[in-house]
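Thanks for asking me to look at this one with you. Here are my notes, as numbered points to read with the model open beside you.

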Amino acid sequence: MRWRSVRWATTFVAALVVPLAGAVPAANAQAPLAPVSDTLGRVLAGASGLTPLTTLVHAADADTAARAVRAAGMREITRFPRIGVVAATGTAAQVAAVRKVAGVSYVENNDPLVAFGSSGTTATRSAEARTTLTGADGAPLDGRGVSVAIIDTGIDPTHPAFRGADGSTRVVRNLKSLCLDGTTTSCIVDVPTSVDTDTTALGGHGTHVAGIAAGAPYTLADGSAVGGSAPGAKIVSISTGLAILVLGTDAALNWVLENHAAPCGAAVSAAVCPPIKVINNSYGPSGGGEFDPQSATVKLQRALAAEGVVTVWANGNDGGDGSEDLSNPPGKDPTPGVISVASYNDQGTGTRDGTVSDFSSRGLATDPSTWPDVSAPGENILSACRPYLVICSTGLQPSNGPGLLDVGTYNVISGTSMATPQITGIVAQLFQARPGATPGDIETAIKSTAYKYSDGAAYEGGSSFDKGAGLVDTVAAVGALTGP
């Protein structure tokens, strides 16, 4: 078994100045102006003649576009010969002139673009629930009164995403698994909550995942919104390291089974260190596998469900078309309160009518027992990172945190690993809304109210082999859980 892979991509454009030769077509004052893109039209409407602009000039071929650029007095930057386009700079007056040159068919603006990155909490309505609903305690529905356990590479407790209102970390227990096999907890050791176990594990994955589940809400300097589903929750981190990750996860699950009621010890009050009510598991074998009800993992998660703890699993990053079962084995457990999560793409806009991610593992179309339970945003998710860790340094969109020293502390990563903690944080919100709910109540509320986005396979009996019951809807789930 190994970590589920995550996908990210970067793009770049190389500028090239190409020497030009040939005759220059004369401007034709009588010819109709070449049309412009909507954004260029708006820019030109408010620009003076000397306003500098960069545009893409279209013609039947690149040589014609290049000659038009020179005729208007503009400077070519680069050209795209296969599509007859030349990128050029000049003033607004020169752009107006190039529109009159014979052969120019269209001129578009060099629109500023941003890398799509979302925290995912808009599409799930988790952020809306936090600002419009209250829990049974009368407080905003942010997961307070609940601890979430993150079994992963580790966590950086000093990251700004985990700072509480008083400046202290919300990581209340920081544990390191040294276990090589078995389920004994004697090899799980305490680490001070000032120690970054993600860096010692050469990871980064765990910090990113924890930020999605319970990161503090911020608007970064570039305008990007970050923050997890349950920023009021406390965090228990169990680091299994990068290389021996799966070998110690059963021991980590067993530690939660033995300690979930008082994760910081009986002497520490629940107000300071609340009970663990949900466990995040963003890992699994490549290519799925058979569900084994006799495995230690399944026995542990069934015991956890019986004691009121929800277990959430990434469904995997193996894609598929429904012709085979690629789902993560433990997530296929039909026990109420064991939830498997497919990845949804909210297009970086928070839309609820996006797409199921291509990489998200599908179940076997003819076997509903292999299908994921629900979808959550997992594509291009902006969350906590450290720039010196490999998984973060290769991310798509490095962004600075809220402090002067928080350079590069957020980045974009994709995978069902990112979808899973969306649900983990939402489960914390739901337990805050109804503390006495059972794991089965929580799962039923999430699945019965999921938004039926249309992309992908048709729903059969309320579910589908690629996206489960649909996109989680936190507000609706709270209503189902707490309503009459």
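**Notes on the predicted model**

1. Among contacts between residues at least 6 apart in sequence, 76% join residues at least 24 apart. Please keep in mind as you read that this is a predicted model.

2. The chain has 484 residues, of which 56% count as buried. Its secondary structure comes to twelve helices and 17 strands. Taken along the principal axes, the C-alpha atoms fill a box of roughly 85 × 50 × 45 Å.

3. Which residues does Ile442 contact, once its neighbours within four places in sequence are left aside? They are Val310, Val427, Leu430, Phe431, Ala437 and Leu481.

4. Helix H11 (residues 439-448) deserves a look of its own. Its buried residues are Pro439, Gly440, Ile442, Glu443, Ala445 and Ile446. As for what they pack against, the partners are the helices H8, H10 and H12 (474-482), together with the strands E12 (310-314), E13 (338-345) and E15 (374-377). When you view the model, note that Glu443 is on the buried list.

5. Next comes a helix pair. Helix H7 (residues 249-259) packs with helix H8 (residues 296-306) at an angle of about 20°, and their axes are 10 Å apart. With that angle, H7 and H8 are therefore roughly parallel to each other. The crossing in which H7 passes H8 is left-handed. On the H7 side the contact is made by Asp250, Leu253, Asn254, Val256 and Leu257, and on the H8 side by Ala296, Thr297, Leu300, Ala303 and Leu304. Sorted by class, the contact of H7 with H8 has seven nonpolar, two polar and one charged residues.

6. Two backbone angles are worth checking by eye. Most residues other than glycine have a negative phi. Gln347, although not a glycine, has a positive phi of about 65°. You will find Gln347 in the loop between E13 and strand E14 (355-356), and its 31% relative accessibility makes Gln347 partly exposed. Asn380 is not a glycine either, and has a positive phi of about 55°. The loop that holds Asn380 runs between E15 and strand E16 (381-384). Asn380 counts as partly exposed because its relative accessible area is 22%, and partly exposed begins where buried, under 20%, ends.

7. Finally, here are two loop glycines. Gly223 sits in the loop between strand E8 (218-219) and strand E9 (225-226). Is Gly223 buried or exposed? Its relative accessibility is 51%, so Gly223 counts as exposed, given that exposed means over 50%. Gly223 and Ser399 are 176 residues apart along the chain, and their C-alpha atoms are separated by 9.8 Å. Gly46 is in the loop between helix H1 (38-45) and strand E1 (52-59), and at 69% relative accessibility Gly46 counts as exposed. Between the C-alpha atoms of Gly46 and Leu430 there are 50 Å, with 384 residues separating the two along the chain.

Technical notes
Residues numbered from 1 in each chain as written. Predicted model: local features only at pLDDT ≥ 70, side-chain atom pairs only at ≥ 80, totals over all residues. Heavy atoms only, no water. Contact = heavy atoms within 4.5 Å. Axes fitted to C-alpha atoms, helices over the stretch in contact; angles between N-to-C directions. Helix = DSSP H or I, 4+ residues; strand = E, 2+ residues; numbered from the N terminus. Parallel < 35°, antiparallel > 145°, perpendicular 65-115°, else oblique. Left-handed = near helix turned anticlockwise from the far one by under 90°. Nonpolar A, V, L, I, M, F, W, Y, C, P; charged D, E, K, R; others polar. Buried < 20%, exposed > 50% of the residue type's maximum accessible area, 1.4 Å probe, protein only.
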